[in-house]
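User: I am new to this structure and would like a close look at one part of it. Please take me through that part, then show me what surrounds it.

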Amino acid sequence: MKMTAGDGCNVLIGYEDGSVALWDCRQYKRPLSRLKIHPDPVMCINYETVTGTGFSGSAGEEICSWTTNKDILTLKDTVTVTNPGFNDCCVRKDGKLVVFAGWDGHVRLFSVKKMKPLAVLAYHKDSVYCATFSDDKLLACGSKDEQISLWDVYR
């Protein structure tokens, strides 16, 4: 789940059937929009408020970006990677980078604008569970291997 910013009370939810839905918290009887994005369960979801672009990763090889223009979800880009499974995705506060924390122990960086692959960070020996950016653009990642990695990327 991820709350969207703005004047409304909207929340994005990823589902086991591979779809993402946009809900208005005040009208909970049915979603405003629902889009089948992944063939596998959605495992992580995030949203960049300035461009209205959302990101999701699944149990499969696909990571996707999509938009929420006028409360309608529309698929923007799909990238297929070598190793399946993602636990977390995080958008840097300046809205330029999105990272995906993988089951394979790698962290993948993409440009928000075009979903262009920028880097694969390989440090962890087990699944990366979480990733977050600090205010000064450092990337911190936590893994099942009980290690935390700090990365100074594209500052």
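By class, how many nonpolar, polar and charged residues does the lining of the largest pocket have?

Analyst: This is a predicted model. By class, the lining of the largest pocket has 4 nonpolar, 4 polar and 4 charged residues.

Start with the pocket itself. The volume of the largest pocket is about 190 Å³. Its lining is made up of Lys2, Asn46, Tyr47, Glu48, Thr49, Cys90, Val91, Arg92, Lys93, Gly95, Thr132 and Phe133. Three elements, β5, β9 (86-91) and β13, each give two or more residues to this lining. The largest share comes from β5, with 3 residues.

Strand β5 covers residues 42-48. Of its 7 residues, 6 are buried, so β5 is largely enclosed by the rest of the structure.

Now follow β5 into its sheet. An open sheet of 4 strands runs in the order β5-β6-β7-β8, and the pairing is antiparallel. β5 and β8 (72-80) are the edge strands, and each pairs on one side only. From one strand to the next, the twist averages 20°. Strands of a sheet pair through backbone hydrogen bonds, either parallel or antiparallel.

Take the pairs in turn. β5 and β6 are antiparallel partners over 6 bridges. Tyr47 stands opposite Gly54 in β6. Tyr47 is also one of the residues lining the largest pocket. β5 and β6 form a hairpin, with 4 residues between them. In that turn, Gly52 has a positive phi of about 70°.

The next pair continues the sheet. Strand β6 (residues 53-58) pairs with strand β7 (residues 62-69), in the antiparallel sense, over 5 bridges. Ser56 has its bridge partner in β7, and that partner is Cys64.

Ile37 sits in the loop between β4 (33-36) and β5. Ile37 counts as buried because its relative accessibility is 12%, and the cut-off for buried is under 20%. Ile37 and Glu62 are 25 residues apart in sequence. In space, their C-alpha atoms are 9.2 Å apart.

Cys90 is among the lining residues. Cys90 is buried, with a relative accessible area of 8%. A disulfide is a covalent bond between the sulfur atoms of two cysteines. For Cys90, the closest cysteine sulfur is in Cys89, 7.9 Å away, so the two are too far apart for a bond. The cut-off for a disulfide is a pair of cysteine sulfur atoms within 2.5 Å. By this rule, the count comes to 0 disulfides. Another cysteine, Cys9, counts as partly exposed, at 25% relative accessibility.

The remaining element on the list is β13. Thr132 and Phe133 are among the residues lining the pocket, and β13 spans 128-133. β13 belongs to an open sheet of 3 strands, in the order β13-β14-β15, with antiparallel pairing. The edge strands here are β13 and β15, and each pairs on one side only. The twist in this sheet averages 20° from one strand to the next. β14 and β15 pair in the antiparallel sense over 5 bridges. Cys141 stands opposite Ser149 in β15.

First, some background on backbone angles. Most residues other than glycine have a negative phi, and most peptide bonds are trans. Lys137 has a positive phi of about 75°, although it is not a glycine. Lys137 lies in the loop between β13 and β14 (138-143). Its relative accessible area is 27%, so Lys137 is partly exposed.

The other loop lies between β14 and β15 (148-152), and Glu146 is found there. Phi of Glu146 is near 70°, a positive value in a residue other than glycine. Glu146 is exposed, with a relative accessible area of 74%.

To recap, the largest pocket draws two or more lining residues from each of β5, β9 and β13. β5 is an edge strand of the sheet of 4 strands, while β13 is an edge strand of the sheet of 3 strands.

How values were computed. Residues are numbered from 1 along each chain as its sequence is written. This is a predicted model: local features need pLDDT of at least 70, side-chain atom pairs count only at pLDDT 80 or more; totals for chains, interfaces and linings use all residues. Side-chain values use heavy atoms; hydrogens and water are left out. Two strands pair if DSSP finds at least two bridges between them. Axes are lines fitted to C-alpha atoms, for helices over the stretch in contact, and angles run from 0 to 180 degrees between N-to-C directions. Buried means under 20% relative accessible area, exposed over 50%, partly exposed in between (1.4 Å probe, protein chains only). On a 1 Å grid over the protein atoms alone, a cavity is a set of points where a 1.4 Å probe fits but cannot get out, and a pocket is an open set with protein on both sides within 12 Å along at least five of seven lines; lining residues have an atom within 4 Å of a point. Grid points are joined across faces, edges and corners, and a volume is the space filled by probe spheres set on the points. Ala, Val, Leu, Ile, Met, Phe, Trp, Tyr, Cys and Pro count as nonpolar, Asp, Glu, Lys and Arg as charged, and the others, Gly among them, as polar.
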